[in-house]
Amino acid sequence: MQIYNTMTRSKQELTPADGKEYKIYACGPTVYNFIHIGNARPLCVFDVLRRYLEYRGNKVNFVQNFTDIDDKLIKKANEEGITVPEVAKRYIEEFWIDAKGLNVREATTHPKATENIDAIIDIISTLMDKGYAYQADGDVYFRATKFGEYGKLSHQPLEELLAGASERVDAADFKENPMDFCLWKGAKEGEPFWESPFGKGRPGWHIECSAMAGRYLGKTIDIHCGGQDLIFPHHENEIAQSECANGCTFANFWMHNGYINVDNRKMSKSLGNFFTVREVAEKFGYEPIRYIMISSHYRSPINYSVDILNQSKNALERLYTCLDNMNFALKNAGEGGEAPEFLETRKNEFIAAMD
């Protein structure tokens, strides 16, 4: 089997590093709201990857996290007058309603960031001991320029990353370099916090995934998955902090799914074309949504529209008719019970195409 590796920008033969089991980490949702159509694509795409690897007889250890501490959760909790854990619990439950509707199987493990604070603190402490991290204004930052390979996933030098990052890079005066990113946020009044050697606070977004991938899969994993929008800064930062802390390759393969447009425009709340999976499922059902997500090549952009949803419903009806006809053919294949020859041919063609 071959997959396109974002790191090398080429298709490569996929084999598990230990020869026994694929270790896969997929970035999960930040649980402050219902998942939207954009979230549904990586959920469905990497569910297919995992299912296909198992269908071909492989063992898969599939980890997908929940980010349950973040600025967005704190904001939501303040708006609703409830606690951050209450927000997280509610939207994890809502996530499972949608995920099961989309026929997405549970991962081997679904860790929460708040359950792994000790592992997060350990990595940050290691980075500080090695000189890759420093404290400033109550926070802890990673020295991006100290990692000589920073930018190797997005294939851009530091200067271009800084110029293109715009609002996503905080150029605070107390940072040594504008590209440095936060590992630990010092506690502010009224915010949740944990005790640490660097003071009371909470983890930054990027360090959470490094800690959870390391704890549940090991220092080097086979495949790291996610949406194309996560290449920079999230996955770039994961690589930097993980490889500097552990002294080895973080992930051997990187898989990223393409963007979703709505009526040929980028999905955005400001454009009023932002839809949750729940909203769409209430009108069209979940299955047409999954069909859209996996009927195009996973790296290609998808255009979502009501017309395409209706086309998907029609396509699904044709598939179910085909299935009924195939089952009828099998039932009437004779006493020997042998499948018609064309079925074996089609199965082999399917495997070849997927591989």
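F350 counts as partly exposed because its relative accessibility is 41%, where buried means under 20% relative accessible area, exposed over 50% and partly exposed in between (1.4 Å probe, protein chains only). This residue is found in helix α11, residues 341-354; helices (H or I, at least four residues) and strands (E, at least two) are DSSP runs, numbered from the N terminus. Together with Y55 and M354, F350 makes a nonpolar surface patch of about 290 Å². Patches are made of residues with over 30% relative accessible area and no salt bridge, like charges being joined within 9 Å and nonpolar side chains (Val, Leu, Ile, Met, Phe, Trp, Tyr) within 5 Å, and the accessible areas come from the Shrake-Rupley method with a 1.4 Å probe, with only the protein chains shown counting as cover for residues.

The model is predicted, so local features need pLDDT of at least 70 and side-chain atom pairs count only at pLDDT 80 or more, whereas totals for chains, interfaces and linings use all residues. Residues are numbered from 1 along each chain as its sequence is written, and side-chain values use heavy atoms, with hydrogens and water left out.

L183 touches, among others, I124, L127, F142 and I207, not counting residues up to four places away in sequence, where contact means heavy atoms within 4.5 Å.

V60, in strand β4 (residues 59-64), counts as buried because its relative accessibility is 10%. With the same exclusion of residues up to four places away in sequence, V60 touches E21, Y22, I24, R50, L53, E54 and T108.

Helix α10 (residues 306-331) has 26 residues and reaches 38 Å from its first C-alpha to its last, close to the expected 38 Å, the expected span being 1.5 Å times one less than the number of residues. Its buried residues are L309, S312, A315 and L316, and what covers them includes α8 (277-284), α9 (287-294) and β13 (302-304).

A search of the whole structure finds 21 salt bridges, each being a side-chain nitrogen of Lys or Arg within 4 Å of a carboxyl oxygen of Asp or Glu. Three of them are tabulated below.

| Pair | Closest N and O atoms |
|---|---|
| D71 and K185 | 3.2 Å |
| R278 and D98 | 2.8 Å |
| R143 and E176 | 2.7 Å |

D71 lies in helix α2 (residues 71-80) and K185 in strand β7 (residues 181-186), so this pair ties together parts that are 114 residues apart in sequence. D71 counts as partly exposed at 42% relative accessibility, and K185 likewise at 24%. R278 in helix α8 and D98 in helix α3 tie together parts 180 residues apart in sequence; R278 counts as buried at 16% relative accessibility, and D98 counts as buried at 0%. R143, in the loop between β6 (139-142) and α5 (158-165), is linked to E176, in the loop between α5 and β7, 33 residues apart. Salt bridges that share partners join D71, K185, E191 and R202 into one network.
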